[in-house]
Amino acid sequence: ADEYAVVLPDDAQKCVLPVAPDAIPENATLDQLKAAKADIAVFQGEVGVFRECLDVAQDNPNNTEGNKQAIISSFNYSVEMEERVAQRFNEAIRSYKERNAN
């Protein structure tokens, strides 16, 4: 039964999932959008490091099936998180363009 318990193994627990950037203000200015873009770039780099760490943990031959599933779930969560951040940024860009369409 332990083999199927979905538990993140010790080496994967050392991988640090970064915090998503702060929310982009409603009606953001161009300068706020530029700052958000820079924050997102840093976040994406940190997410890449997190995923590389999970890849190393995935290669541990002592991982159980449950460990492997936990690593995959963590990886997938990071992808979903990155997609949400990108979606928020794209919405802010669209809003900015609509407000400044003149």
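1. **The disulfide.** The link of Cys15 and Cys53 is left-handed, with -80 degrees about the S-S bond. Keep in mind that this is a predicted model. The sulfur atoms of Cys15 and Cys53 sit 2.1 Å apart, S to S. The structure holds 1 disulfide. In general terms, a disulfide is a covalent bond between the sulfur atoms of two cysteines.

2. Cys15 lies in the loop between α1 (10–13) and α2 (30–58), whereas Cys53 belongs to helix α2 itself, so the pair ties together parts that are 38 residues apart in sequence. How do the two partners compare in burial: is Cys15 buried or exposed? Cys15 counts as buried, because its relative accessibility is 9%. Cys53 counts as partly exposed, at 25% relative accessibility. The cut-off that matters here is 20% relative accessible area, as buried means under that value.

3. **The cavity.** The structure holds 1 cavity of 30 Å³ or more. About 50 Å³ of space lies in the largest cavity. Which residues line the largest cavity? They are Pro21, Asp22, Ile24, Ala36, Asp39, Ile40, Val85, Arg88 and Phe89. Helices α2 and α3 (65–99) each give at least two residues to this lining. By class, the lining of the largest cavity has 6 nonpolar residues, 3 charged ones and no polar ones. As for how such space is found, rolling a probe the size of a water molecule over the atoms shows where empty space is left.

4. **Ser78.** This residue is placed in helix α3. Ser78 is buried, because its relative accessibility is 0%. Its side chain has a partner: a polar contact of 2.9 Å joins the side chains of Ser78 and Arg51. Leaving out residues up to four places away in sequence, Ser78 touches Leu17, Val47, Phe50 and Arg51.

5. **Glu82.** Glu82 is also worth a look. It is found in helix α3. Is Glu82 buried or exposed? At 18% relative accessibility, Glu82 counts as buried, because the cut-off is under 20%. Glu82 touches Phe43, Gln44, Val47 and Arg51, again leaving out residues up to four places away in sequence.

6. **Asn27.** Check the backbone here. Asn27 lies in the loop between α1 and α2. Phi of Asn27 is near 60 degrees, a positive value in a residue other than glycine. For background, most residues other than glycine have a negative phi.

7. **Glu26.** Glu26 is found in the loop between α1 and α2. Glu26 is exposed, with a relative accessible area of 75%. How many residues separate Glu26 and Ser95 in sequence? The answer is 69, while in space Glu26 and Ser95 are 8.7 Å apart, C-alpha to C-alpha.

8. **Gln32.** Gln32 lies in helix α2. At 32% relative accessibility, Gln32 counts as partly exposed. What does the side chain of Gln32 reach at 2.8 Å? It reaches the backbone nitrogen of Thr29. Beyond residues up to four places away in sequence, Gln32 touches Pro25 and Asn27. Asn27 is the residue with the positive phi. Along the chain, Gln32 and Gln58 are 26 residues apart, and their C-alpha atoms are separated by 38 Å.

9. **Val56.** Val56 is found in helix α2. Is Val56 buried or exposed? Val56 counts as exposed, because its relative accessibility is 61%. Val56 and Gln69 are 13 residues apart along the chain, and 15 Å separates their C-alpha atoms.

Conventions: Residues are numbered from 1 along each chain as its sequence is written. This is a predicted model: local features need pLDDT of at least 70, side-chain atom pairs count only at pLDDT 80 or more; totals for chains, interfaces and linings use all residues. Side-chain values use heavy atoms; hydrogens and water are left out. A disulfide is a pair of cysteine sulfur atoms within 2.5 Å. Helices (H or I, at least four residues) and strands (E, at least two) are DSSP runs, numbered from the N terminus. Buried means under 20% relative accessible area, exposed over 50%, partly exposed in between (1.4 Å probe, protein chains only). On a 1 Å grid over the protein atoms alone, a cavity is a set of points where a 1.4 Å probe fits but cannot get out, and a pocket is an open set with protein on both sides within 12 Å along at least five of seven lines; lining residues have an atom within 4 Å of a point. Grid points are joined across faces, edges and corners, and a volume is the space filled by probe spheres set on the points. Ala, Val, Leu, Ile, Met, Phe, Trp, Tyr, Cys and Pro count as nonpolar, Asp, Glu, Lys and Arg as charged, and the others, Gly among them, as polar. A polar contact is a pair of N or O atoms within 3.5 Å; within protein, one must be able to donate a hydrogen and the other to accept it, and residues adjacent in sequence count only if both atoms are side-chain atoms. Contact means heavy atoms within 4.5 Å.
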